[in-house]
Amino acid sequence: MKIGENTAIEARPAGNVTVRDLADRIAKETPDLESLTPEQLETLAKVVIAERLKDDLRGRAELARIDYQAERAAFLAHAGRTGSPNTARAYAAALNRLEAFAAYRGIPVPAMKAKEADDFAYSLAAEGRAASSVRRDIAAASSFFSFLERRFDCVRNPFRGTKARPEKRGKKPARFPTDKELESILAALSPTLRAAAAVMAYRGLRVGALPSLTLRGAHYTGRSKGKDITGELPPKALETIRTAGLDQKRPFADWTETRIADQFRYATKKLAEAGTIAAPYSVHDLRHYFAVKEYRRTRDILRVRTLLGHASVQVTETYLRSIGEL
């Protein structure tokens, strides 16, 4: 592009000029900025501004092609590697926070850059969210951007390589009820909730598996974290189901995992306040209870891994270590 009449580049006839000739001319004859006149600098500045605006407009046009709500729905439908409803809910909540932040900044979510991504993480911490919650939100946002990145060339994941993610802190070993505490807990629960707790404590199933649980005698099938599961329920768990008068095929079909978890947490909180048990427990602590009891009984970590449905024995080792058993 011609900048002015007094440039250091001399005009040459086109002739049979090759690409290499042009590259050599650009490399050897292009003037530096200090050699340009004020008029030439002004012309060049206009060219640079025009190029920048063109790139900005092109980027906005490409972003405008993204149907954000459709992409969001597609991502959440396949959130995480497990397809877990809990994961989908956590990811949706994280995207809600991300969208609120982007709206406050006046930018579309797909247009966020590294600076905005870092500022989003800092804003979550400033709101008082726990470090683990901030890490989860960042992981969800990063996963969403990676999803978009694979589908649209104009999107880049601004969370990749961020240093704004809070560091992990050492965790205290997870709690789980003693045998005596479990007896007190089960005695205080309603019949249906007692049966649900017994299945989790005596077989180690996740709460998310219970609504889908289907029985044929002692044999069960169901879905847990997006995967099909199957196995046998122990006699103690089956007895609580029968005693509660539940459907022998689909005992927990009318209950959601959230309802079971919330009511169990409320019941153990009341027991802790009354001094009956040492502390409130969650439904996942019942899974801890099962893992510890089974490992202490057999010292067979491969069996525990199979019963818990872990992907590898390393996961089981980490799990047992987290509750102070290894």
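**Sheet pairing and helix packing in the predicted model**

Strand 1 and strand 2 are paired in the antiparallel sense, with three bridges between them. Within this pairing, Leu-215 has Tyr-220 of strand 2 as its bridge partner. The model described here is predicted. Strand 2 (residues 219-224) is also joined to strand 3 (residues 227-232), here by six bridges, and these two strands likewise run antiparallel. His-219 is bridged to Glu-232 in strand 3. Two residues lie between strand 2 and strand 3, which form a hairpin. Lys-225, in the turn of this hairpin, has a positive phi of about 50 degrees.

Taken together, the three strands form an open sheet in the order 1-2-3, with antiparallel pairing. Strand 1 (214-216) and strand 3 are the edge strands, each pairing on one side only. On average, neighbouring strands of the sheet are turned by 20 degrees against each other, direction ignored. In general, the strands of a sheet pair through backbone hydrogen bonds, in either a parallel or an antiparallel arrangement.

The packing of helices was examined next. Helix 8 (residues 191-203) packs against helix 9 (residues 235-243) at an angle of about 175 degrees, and their axes are 8 Å apart. Because of this angle, helix 8 is roughly antiparallel to helix 9. On the helix 8 side, the contact involves Ala-195, Ala-198, Val-199 and Tyr-202, which meet Lys-236, Ala-237, Thr-240 and Ile-241 in helix 9. By class, the residues of this contact comprise six nonpolar, one polar and one charged.

For helix 11 (residues 283-298) and helix 12 (residues 301-308), the packing angle is about 150 degrees and the axes are 9 Å apart. Helix 11 is therefore roughly antiparallel to helix 12. Helix 11 contributes Arg-287, Phe-290, Ala-291, Glu-294, Tyr-295, Arg-297 and Thr-298 to the contact, while helix 12 contributes Ile-301, Arg-303, Val-304, Leu-307 and Leu-308. Seven nonpolar, one polar and four charged residues make up the contact of helix 11 with helix 12.

Helix 4 (residues 85-105) and helix 5 (residues 114-126) pack at an angle of about 115 degrees, with 11 Å between their axes. Helix 4 is thus roughly perpendicular to helix 5. The crossing of helix 4 and helix 5 is right-handed. Ala-94, Arg-97, Leu-98, Phe-101 and Arg-105 represent helix 4 in the contact, and Lys-115, Glu-116, Asp-119, Phe-120, Ser-123 and Leu-124 represent helix 5. The contact of helix 4 with helix 5 has five nonpolar, one polar and five charged residues.

Confidence in the prediction was considered last. The protein chain has an average pLDDT of 87, and 90% of the residues score at least 70. Among the elements of the chain, the highest mean pLDDT, 97, belongs to helix 8, and the lowest, 75, to helix 2 (residues 38-64). Over residues 1-11, pLDDT stays under 50. For this stretch, residues 1-11, the model has 15 contacts beyond four places in sequence. Where pLDDT is low, predicted coordinates should not be read in detail.

Notes
Residues are numbered from 1 along each chain as its sequence is written. This is a predicted model: local features need pLDDT of at least 70, side-chain atom pairs count only at pLDDT 80 or more; totals for chains, interfaces and linings use all residues. Side-chain values use heavy atoms; hydrogens and water are left out. Axes are lines fitted to C-alpha atoms, for helices over the stretch in contact, and angles run from 0 to 180 degrees between N-to-C directions. Helices (H or I, at least four residues) and strands (E, at least two) are DSSP runs, numbered from the N terminus. Angles under 35 degrees count as roughly parallel, over 145 as roughly antiparallel, 65 to 115 as roughly perpendicular and the rest as oblique. Contact means heavy atoms within 4.5 Å. Ala, Val, Leu, Ile, Met, Phe, Trp, Tyr, Cys and Pro count as nonpolar, Asp, Glu, Lys and Arg as charged, and the others, Gly among them, as polar. Two strands pair if DSSP finds at least two bridges between them. pLDDT is the predictor's confidence in each residue, from 0 to 100. A crossing is left-handed if the near helix is turned anticlockwise from the far one by less than a right angle, and right-handed if clockwise.
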